[in-house]
Every structure is written in C-alpha cells, then in structure tokens.
Amino acid sequence: MSEADVMKIITDAMWVTTRIGAPILLTAIVVGVVIGLFQSVTQIQEPTLSFVPKFAAMGLVMIISGPWMLQEIVSYTQALIRSLPSLIS
C-alpha cells in the first residue's frame, strides 16, 4: 500500500466525518447564539435555558438527517471495503 493510498483513505474519512458532523455542530452553534442573544437581552442567566433548546434542536436534526448520515457512513465503508484488494497488492 502506497503512501498516496493511505492519504486518500484518511482524507476521505475526514471529509465523511466533516459532512456528518456539520449539521449537528451548525445547529448547536446557531441555537447557542440565538439563546445567548435572548439571555443577554432579557438578562436571564439560567444555564438550563441554553442547554435544553440546544439538546432538543440537535435531537431533531439527528432524527431528520439520521438516515442521510447513516447512508454516508455505509457508502464510505462499502467503498473502502471494495478498494481493499487494490490496497493489499
């Protein structure tokens, strides 16, 4: 197995991880900023006020985009397994 093959596998794995994690992370960031603005405007400093909506929004995103995320992981794994014979020789 050449160094280029290893780098391609690592790069593909990082791209799949980035694509899968992006919806959840972006949701957490957007909800966190909105709740932070709400807290600063109303001067309510309750820690659970930021946690519960963020948790609920991330759960909703997981439910909505879960099948797509699973398909991305399965596609990458299938491509990796299909490429094993060429990597071994």
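Reader: How do I read accessibility here, and is Lys-8 buried or exposed?

Author: The idea rests on the relative accessible area, found with a 1.4 Å probe on the protein chains only: buried means under 20%, exposed means over 50%, and partly exposed is what lies in between. Lys-8 has a relative accessible area of 51%, and therefore it is exposed. Please keep in mind that this is a predicted model, in which local features need pLDDT of at least 70 and side-chain atom pairs count only at pLDDT 80 or more, while totals for chains, interfaces and linings use all residues. Residues are numbered from 1 along each chain as its sequence is written, and side-chain values use heavy atoms, with hydrogens and water left out.

Reader: In which element is Lys-8 found?

Author: Elements are read from DSSP runs, where helices (H or I) have at least four residues and strands (E) at least two, and they are numbered from the N terminus. By that reading, Lys-8 is found in helix H1.

Reader: Which residue meets Arg-19 in a salt bridge?

Author: The side chain of Arg-19 meets that of Glu-72, at 2.7 Å from N to O. Because Arg-19 lies in helix H1 and Glu-72 in helix H2, this pair ties together parts that are 53 residues apart in sequence. Arg-19 is partly exposed, at 37% relative accessibility. As for Lys-8 and Glu-72, they are 64 residues apart in sequence and 17 Å apart in space, C-alpha to C-alpha.

Reader: How do I read an aromatic pair, and how many does a search of the whole structure find?

Author: A pair of aromatic rings is described by the distance of the centres and the angle of the planes. Rings of Phe, Tyr and Trp (for Trp, its six-membered ring) pair if their centres lie within 6.5 Å, and the pair is stacked when the planes are under 30 degrees apart, edge-to-face when over 60, and tilted for the rest. The search finds one aromatic pair, formed by Phe-51 and Phe-55, which are stacked with 5.7 Å centre to centre and 20° between the planes. Both residues lie in helix H2, four residues apart, about one turn of the helix. Phe-51 counts as exposed at 52% relative accessibility, and Phe-55 is exposed with a relative accessible area of 59%.

Reader: Which residues line the largest pocket?

Author: The search uses a 1 Å grid over the protein atoms alone: a pocket is an open set of points where a 1.4 Å probe fits, with protein on both sides within 12 Å along at least five of seven lines, and lining residues have an atom within 4 Å of a point. Here the lining is made of Asp-5, Lys-8, Ile-9, Asp-12, Tyr-76, Ala-79, Leu-80, Ser-83 and Leu-87. The elements that give two or more residues to this lining are helix H1 (3-42) and helix H2 (47-88), and H2 gives the most, with five residues. The volume, the space filled by probe spheres set on grid points joined across faces, edges and corners, is about 170 Å³ for the largest pocket.

Reader: What does Tyr-76 touch, not counting residues up to four places away in sequence?

Author: Contact means heavy atoms within 4.5 Å, and with those sequence neighbours left out Tyr-76 touches Ile-9, Asp-12, Ala-13 and Val-16. Tyr-76 is found in helix H2 and counts as buried at 19% relative accessibility.

Reader: Where is Gln-43 placed, and what is its phi?

Author: Most residues other than glycine have a negative phi. Gln-43 has a positive value, with phi near 60°, and its place is in the loop between H1 and H2. At 68% relative accessibility, Gln-43 counts as exposed.

Key:
A salt bridge is a side-chain nitrogen of Lys or Arg within 4 Å of a carboxyl oxygen of Asp or Glu.
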